Amino acid sequence: MNKTSLLLAFLALASAAPAHAQGKVKIKTKHKPGNAAPAPAPAPMAAAATDWSAKYAELVNAERLRTHLAVLASDEYEGRETGMKGQHMAAAYIAEQFKNAGLTGPMPTPADPYQQHFNVEQVTWAEGNTLKVGKTSYKWLVDFYGLSDSPFAEETTIMPVFAGYGIEQPGYSDYTGLDVTGKDVLIALGEPTAADGKALLSADGSPTKWGNDYRAKAQMAAQKGARTVFFVSFDPNANFAKQAARLGPYISRPTTVMVTEKPSRTPSFFVAPAVALQLLGTNATAMKAHLAKINQTKQPVASKFKVLPMQIKAVRKRVPLETENVLGFIEGSDKKEDVIVVSAHHDHLGIQNGVVFNGADDDGSGTSAIVTMAEAFAQAKKDGHGPRRSLLFLSVTGEEKGLFGSEYYAKNPVFPMASTMVDLNVDMIGRTDAEHEGKPDYVYVIGSDKLASELKVINEAQNKQYTQLDLDYRFDDPADPNRFYYRSDHYNFAVNKVPVAFFFNGVHADYHKESDEISKIEFPKMEKRARLVFHLAWELANREGRVVVDSNKP
């Protein structure tokens with residue numbers, strides 16, 4: 001008998017009526033005159049109320065999680081790359097599990113109500129991309145290369161604006177007095193540092209997001225209205241040609257982007273120091289002195305460089321690809337207008353150099369978890385213990401390409417965002433990271449109080465009652481260089497003011513490698529983490545009050 005059967009048997013015994021309530025039984029007693037009458041029998045004790053959350057959480061077990069993950073992380077599914085055969089297979093499998101469990105397909109397409117289809121584009125860089133400053137021509141993947149998109153389908157003459165390090169934070173801004181709206185910006189990689197190499201813009205000298213992640217600078221430039229960003233490293237120890245050669249195969253690979261009129265990310269290019277110095281009409285010695293003055297003053301220094309015009313052509317070829325999210329719906333009862341979303345992503349990295357990247361933890365673990373949770377909630381509803389609020393189990397595509405599936409759903413929601421009370425996102429819950437080796441079971445919880453302070457409190461209460469995991473909040477720090485809050489599908493709900501909680505076990509040695517296999521999944525830990533999400537969803541679905549937005553933390 002499995003755990004579920006044992007529990008059901010126990011509950012059946014516990015709820016059985018006591019003997020004295022099963023019929024009248026006459027008992028003859030002798031009462032002698034003068035003796036006190038016997039005391040009345042004590043009233044029967046009321047049976048304890050059944051904890052339905054605990055009962056149905058038993059269905060979220062390692063055995064069931066393994067069953068789904070063994071399919072999704074198999075070689076047959078070819079790494080589930082967005083828009084490719086394996087990803088379509090994964091979507092079909094998840095839809096079938098939702099249907100078999102009794103969930104409703106909420107899409108208004110009778111032939112396929114469980115899948116939300118949309119197109120993305122597979123994009124590659126064309127041959128013959130060029131860059132020229134004055135009479136000097138530079139070579140693609142030798143002197144310059146691009147990431148993301150490009151507005152330069154035809155040769156275009158531009159005059160980039162030099163924005164120093166491209167940093168803006170309290171007490172330091174490279175954009176003061178600088179208008180970059182609709183312009184192309186040239187930005188130096190890195191950040192101001194002391195002679196010993198420590199960062200000057202952090203309290204403890206540790207690198208900030210500006211020094212660790214060019215995307216933070218690209219995002220800031222986009223906020224300022226820039227059209228494109230050109231990055232350059234003036235680090236004398238950097239070897240641009242070597243780096244370009246190393247990245248060449250990756251850059252030349254087809255990439256997948258959303259079909260939009262405007263790129264979702266600011267187009268970013270990287271140029272060799274020689275290109276940037278010629279563009280600025282200066283030399284390495286003068287640039288070194290300029291950056292040293294910034295380090296000395298800890299403030300931006302006005303540039304005296306005279307920018308020269310540049311001609312660039314960087315063409316992208318585009319091929320449309322169909323992909324799909326998968327949706328399974330359980331309608332609530334008296335509060336059914338409120339919708340709780342439980343999400344994960346079923347795509348991964350596909351096949352690279354003939355090797356299948358199965359993505360067992362990323363995010364086969366989360367996908368298996370939400371399918372198993374959906375089955376448990378569906379069973380509860382069949383048994384007459386369905387949720388008061390509605391639940392949408394949302395398995396999205398394209399997360400690895402740029403959160404595409406959740407972005408598409410957020411822009412094309414089946415249920416209005418105003419009715420969506422919360423998103424609980426599960427991305428990688430099957431392993432242990434280096435920080436927690438040898439320590440008690442844990443889970444990172446990210447963003448749970450950034451929009452709704454009560455959500456964090458409710459989750460902690462469920463954890464205390466049921467799972468007793470170590471809840472690690474370190475990635476809530478807005479200065480954390482990993483920026484995990486922005487890197488999974490909950491973020492597209494958060495930007496629409498929907499409270500979120502992101503459950504995550506951290507990265508490990510097999511992250512985004514072919515070695516992320518099911519043989520390395522720690523199913524007892526995965527079960528416990530999935531059950532915490534289940535208990536939280538159960539409480540949110542059945543509590544009296546709706547979680548409200550009362551916070552706006554960075």
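Predicted model: local features only at pLDDT ≥ 70, side-chain atom pairs only at ≥ 80, totals over all residues.
1. Helix H3, covering residues 62–72, packs against helix H10, covering residues 360–382, at an angle of about 130 degrees, and their axes lie 9 Å apart. Because of that angle, H3 counts as oblique to H10, and the crossing in which H3 passes H10 is right-handed.

2. On the H3 side of this pair, the residues that meet H10 are Arg 64, Leu 65, His 68, Leu 69 and Leu 72. Their partners in H10 include Ala 360, Gly 364, Ser 365, Val 371 and Glu 375. Sorted by class, the contact of H3 with H10 has six nonpolar, six polar and two charged residues.

3. The largest nonpolar core has 61 residues, and those touching the most other members are Phe 98, Val 342, Met 373, Phe 393, Phe 534 and Leu 540. Helix H15, residues 523–542, gives this core its largest share, namely 11 residues.

4. Met 373 deserves a separate word: once its neighbours within four places in sequence are left aside, Met 373 is in contact with Val 60, Val 342, Phe 393, Val 426, Ala 530, Val 533 and Phe 534.

5. Thr 208 sits in the loop between strand S9 (184–188) and helix H5 (209–212). Thr 208 has a relative accessible area of 10% and is therefore buried. Leaving aside neighbours within four places in sequence, Thr 208 is in contact with Glu 191, Leu 201 and Ser 202.

Key. Residues numbered from 1 in each chain as written. Heavy atoms only, no water. Axes fitted to C-alpha atoms, helices over the stretch in contact; angles between N-to-C directions. Helix = DSSP H or I, 4+ residues; strand = E, 2+ residues; numbered from the N terminus. Parallel < 35°, antiparallel > 145°, perpendicular 65-115°, else oblique. Left-handed = near helix turned anticlockwise from the far one by under 90°. Contact = heavy atoms within 4.5 Å. Nonpolar A, V, L, I, M, F, W, Y, C, P; charged D, E, K, R; others polar. Core = buried A, V, L, I, M, F, W, Y, C linked by side-chain atoms within 4.5 Å. Buried < 20%, exposed > 50% of the residue type's maximum accessible area, 1.4 Å probe, protein only.
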